[in-house]
Amino acid sequence: MEFPVTPLVAALSAGLFMSSVAYAQVGGAHGENGASFHADWTLAEQRNRTSIGDAGTTDADADGKDGQPIINQDPVDLSGGEITGDTGAAGVGATYGGGGAGGLGGGSVFGGLSSGGAGGDATFSANGGAGGDVSGNHISLQKVTLTGAEGGAGGKSSFGGAGAGGLGGGTVFGGLSSGGAGGYTSSSSSSSANGGAGGDVSGNHISLNDVELRGAEGGTGGASSWGGAGAGGLGGGSVFGGLSSGGAGGYASSSSSSSSSANGGAGGDVSGNHIILKYVTLTGAEGGTGGSSYLIGGGAGGLDGGSVFGGVSSGGAGGSSFSFSSSLSSSANGGAGGDVSGNHIILKYVTLTGAEGGSGGGVTTYGGAGAGAGAGGLDGGSVFGGFSSGGTGEYAFSSSSSSSSSANGGAGGTVTDNHITLAGVSSLTGDVYGGYSRGGAKGYASTGTSTDGEGGYTNHNSVTLVGDALTIGKKDSNGNYASGGSIYGGYSVNGDGKVNEDSDFTSYYQGNTLNLDGYRGSVKGIHHFENFNWILPKDVVNADTLIRIEGTKAVALDHTKHSIAMKDDGNRLNVGDTVTLIDTVQGTPQLVNSTVAQGHFILYDVTLREADGQLVLGIADKKDDTPANGNGNGNGNGNGNGNGNGNGDTGGSKPAGRINPKAKSFLEGRSAMLAMANQGADMVSENGIAAAQNSGNGAGLFLASAGGSSRYKTGSHIDVNDIKFALGVSKGFALHESSTLTIAAFAEYGDGSYKSHNDFGRLGKVRGSGDSNYAGGGILLHVDGLGSTANTAINTNVKAGGHISAALRAGRTRNTFDSADMVDAEGVRGKYTSRTNYFSAMLGGGYVLSLDEQQALDVYSRYTWGRLGSDTVHIGKSALDLDSSNSSRLRVGTRYSYVNSDAFTVYGGLAFEREFKGAASGEAAGLGIDQPSFKGNTGVMELGATLKPWASQQALNVDVGVQGYVGKREGVSGSIKLGYAF
């Protein structure tokens with residue numbers, strides 16, 4: 001009958017609700033998906049989200065038609081309400097052809113679906129159609145409830161592959177692609193009735209917030225007498241980033257010197273899908289039973305519901321293949337599972353309640369048994385970063401012992417680089433798998449040897465557990481695990497049920513990582529992780545136990561690597577404290593870092609060992625007695641700010657730990673700001689005073705600017721690029737015939753950037769960068785011509801005699817620091833922004849000796865003091881106290897001037913500068929940080945020229961110069977100064 005179709009129905013289902021027509025003479029039709037209902041919702045381009053290939057007919061070549069790609073459809077974005085579903089229709093059966101797949105149970109949402117049609121009845125070729133690629137689709141559900149309905153049963157077949165059972169409703173699929181079942185071929189030449197391959201499913205995104213999924217049962221896989229039985233439908237109430245499945249092989253025979261094949265279709269690759277669930281409840285339902293077969297192997301049982309899968313790829317079961325040639329082969333191999341990689345799952349505040357998986361189809365006479373969903377511990381309510389399974393080998397016959405036949409189980413694909421994060425108040429009744437790969441069981445081959453499919457590598461996956469509110473597994477009334485409770489980095493099992501081992505982590509489980517971020521809890525077991533990254537809970541104390549193992553198998557530690565850190569705002573540990581990380585272990589662990597970092601600032605020296613069957617962390621007797629640089633009062637046990645010499649209780653032991661040497665990098669930003677402030681002082685002392693000078697009683701405006709690039713050696717080094725300006729007004733006073741006093745007021749601004757470079761040996765290199773600027777103002781004065789009776793030559797800017805100058809500056813600075821190399825265990829990046837005041841004062845003097853009417857030599861010195869105010873910044877949850885920084889510099893030098901004319905003067909000079917302080921100091925957690933310092937000597941060289949372009953008026957002075965630096969400061973800068981006298 002025909003069902004009413006709403007726009008949402010068309011978007012989420014095929015549109016019609018059809019009944020089963022059993023044992024038709026051609027390939028069976030796909031059962032229509034169960035309708036989904038909601039009152040008022042509409043979605044654009046409804047029908048473009050689904051593509052189902054037609055079944056093959058009766059012809060020389062009757063392959064099922066391929067499904068079309070479903071790529072980058074309009075997002076499914078639903079908010080509020082409930083979606084309910086109807087039962088999916090049964091797949092249409094066939095006598096000589098492949099059975100159709102059962103329809104999806106309603107009440108589900110998918111980003112895209114592509115399915116190949118079943119093969120028909122053909123002379124040469126009756127392969128199932130391939131599913132198309134499904135990628136780049138997006139689903140966002142908020143405040144939605146999905147109530148599912150049962151998936152339809154897979155279509156039956158007498159001579160052909162049976163259809164897979166329909167997937168249970170109440171499920172969300174980012175993308176789904178499935179191949180059709182193979183049909184029936186009988187030929188005097190080569191013949192093929194292979195199952196269709198599933199397409200690749202990649203780059204789909206699912207976001208569920210405040211959503212409930214109520215699953216329904218998956219449909220039973222279709223039965224077949226002489227073909228591959230259909231797999232049971234997946235139980236509803238689950239979330240799949242992507243799913244790709246191959247169809248079952250059909251029936252193929254060849255009566256002459258030609259081969260025949262009825263292999264199961266391969267699953268496609270499933271990669272790069274993303275799932276984010278927050279405040280989500282999944283209630284799973286049973287997976288469908290795998291289809292049975294009269295003579296050959298049964299179909300795999302459907303996976304249980306209530307689970308989350310980053311990606312699933314499964315190969316179809318083989319069919320039956322007959323070759324009556326004396327030389328050529330027949331094959332009925334299970335399809336291989338595709339590779340499943342790069343999928344990401346983030347679960348916060350979720351509840352996953354599983355149901356039993358469907359049973360595998362049984363074997364009557366020949367062929368491999370279908371794997372039950374429970375094989376290998378696949379409890380419902382589980383989380384899989386990726387899952388790949390090979391199909392069961394079935395029945396292959398060759399009439400001569402000189403020919404070959406094969407009915408191998410399909411191989412599981414590689415499951416790698418998948419990532420799971422579980423956080424918040426969350427519970428699940430099953431297990432957690434970074435990756436799972438399962439081979440299919442072997443079938444029956446009349447000649448040759450069939451083999452069980454091998455499980456693939458499940459490596460480089462990660463599982464992250466956050467906090468102490470996670471429940472993994474379900475316990476019975478006696479406190480024993482009734483289901484689940486284990487955590488696997490990877491799990492690889494062959495078709496005969498043998499689990500692959502990799503005790504030295506060089507193959508199957510290499511690189512799997514368990515991240516434990518403040519985690520405490522009890523689990524049944526922890527398996528197949530090479531790397532353990534621990535961030536101890538913030539409330540960790542001496543004699544604490546973090547993980548209790550309640551199963552019978554100890555955690556194997558041989559060849560495992562452990563890195564350990566502590567919460568930034570957590571407790572401090574004391575010398576001699578111990579923490580039991582895992583209470584039931586065996587083997588010898590490797591400690592990656594002999595120091596444990598707490599945030600960015602504290603390091604503990606630690607040991608890690610197996611002791612009496614426990615993994616124990618010990619705090620060594622190294623501690624830092626270096627006082628902070630400030631004068632605050634401590635609490636007697638070293639926890640206070642300042643020097644720890646307060647009047648508190650001194651009876652407790654001092655916490656272990658020392659300052660992290662890398663903390664010095666944070667002070668490099670402070671050094672860069674001090675360098676800029678000093679360069680601003682030099683610009684005022686040199687360019688500002690020169691531009692402001694007036695002769696007689698004139699007034700004027702002046703502008704001074706300088707900029708350049710310098711490297712400061714601070715025990716490492718910082719590279720500073722900057723530009724600075726000072727704009728002011730000046731007034732000149734004639735003191736006597738040859739002596740002039742100039743006073744001025746100015747506003748100033750400087751802006752620059754810097755890069756810092758530190759090398760801390762085994763702790764690594766740290767590169768930082770940031771921006772610095774300042775804005776303020778000041779006053780200056782200059783007296784020249786003291787003790788002289790005439791100007792030097794003819795230029796009033798170069799006067800013989802003594803000179804005295806002074807300047808005062810004040811303002812506000814802003815400085816940032818950022819380093820990608822400074823990221824703590826909690827992912828907090830080392831960066832800050834500091835704002836503080838600056839001050840500086842300069843006093844200088846010298847004497848200009850007239851060599852002749854055109855030449856003069858200035859011998860001078862000046863002292864400059866500068867200060868940056870203190871500040872406190874926060875990096876993560878730790879306070880970094882930046883002390884006030886002082887600079888104290890003395891420069892002595894000489895400058896030679898040559899006066900070419902009234903309009904042009906050139907000069908050059910050499911100077912020596914000594915920095916007596918120049919340190920940036922700070923502390924964190926009451927401990928002082930190693931100080932970068934400018935203390936040392938610098939040589940200065942300069943060249944420049946003064947131009948008066950309006951020689952007739954002598955009103956405008958233009959001076960350009962270049963300065964070079966060697967020693968503690970290296971680099972070059974350029975300057976320009978303009979003065980205009982009224």
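These legends walk through a few close-up views of the structure above. The model is a predicted one, where local features need pLDDT of at least 70, side-chain atom pairs count only at pLDDT 80 or more, and totals for chains, interfaces and linings use all residues. Residues are numbered from 1 along each chain as its sequence is written, and side-chain values use heavy atoms, with hydrogens and water left out.

**View 1. Tyr-279 and Tyr-349 make a stacked aromatic pair.** Rings of Phe, Tyr and Trp (its six-membered ring) pair if their centres lie within 6.5 Å; planes under 30 degrees apart count as stacked, over 60 as edge-to-face and the rest as tilted. That rule gives 24 aromatic pairs. In this one, the centres are 4.8 Å apart, with 10° between the planes. Tyr-279 sits in strand β24 (residues 274–283) and Tyr-349 in strand β30 (residues 344–353), so the pair links parts 70 residues apart in sequence. Strands here are DSSP runs of E, at least two residues long, numbered from the N terminus. Buried means under 20% relative accessible area, exposed over 50%, and partly exposed in between (1.4 Å probe, protein chains only).

**View 2. Phe-309 stacks with Phe-384.** Here the ring centres are 4.8 Å apart and the planes meet at 5°. Phe-309 belongs to strand β25 (residues 308–309) and Phe-384 to strand β31 (residues 383–384), so this pair ties together parts 75 residues apart in sequence. Phe-309 is buried at 1% relative accessibility, and Phe-384 is buried at 2%.

**View 3. Phe-309 and Phe-384 also belong to an aromatic cluster.** Other members include Phe-173, Phe-240, Tyr-433 and Tyr-491.

Definitions and conventions:
Helix = DSSP H or I, 4+ residues; strand = E, 2+ residues; numbered from the N terminus.
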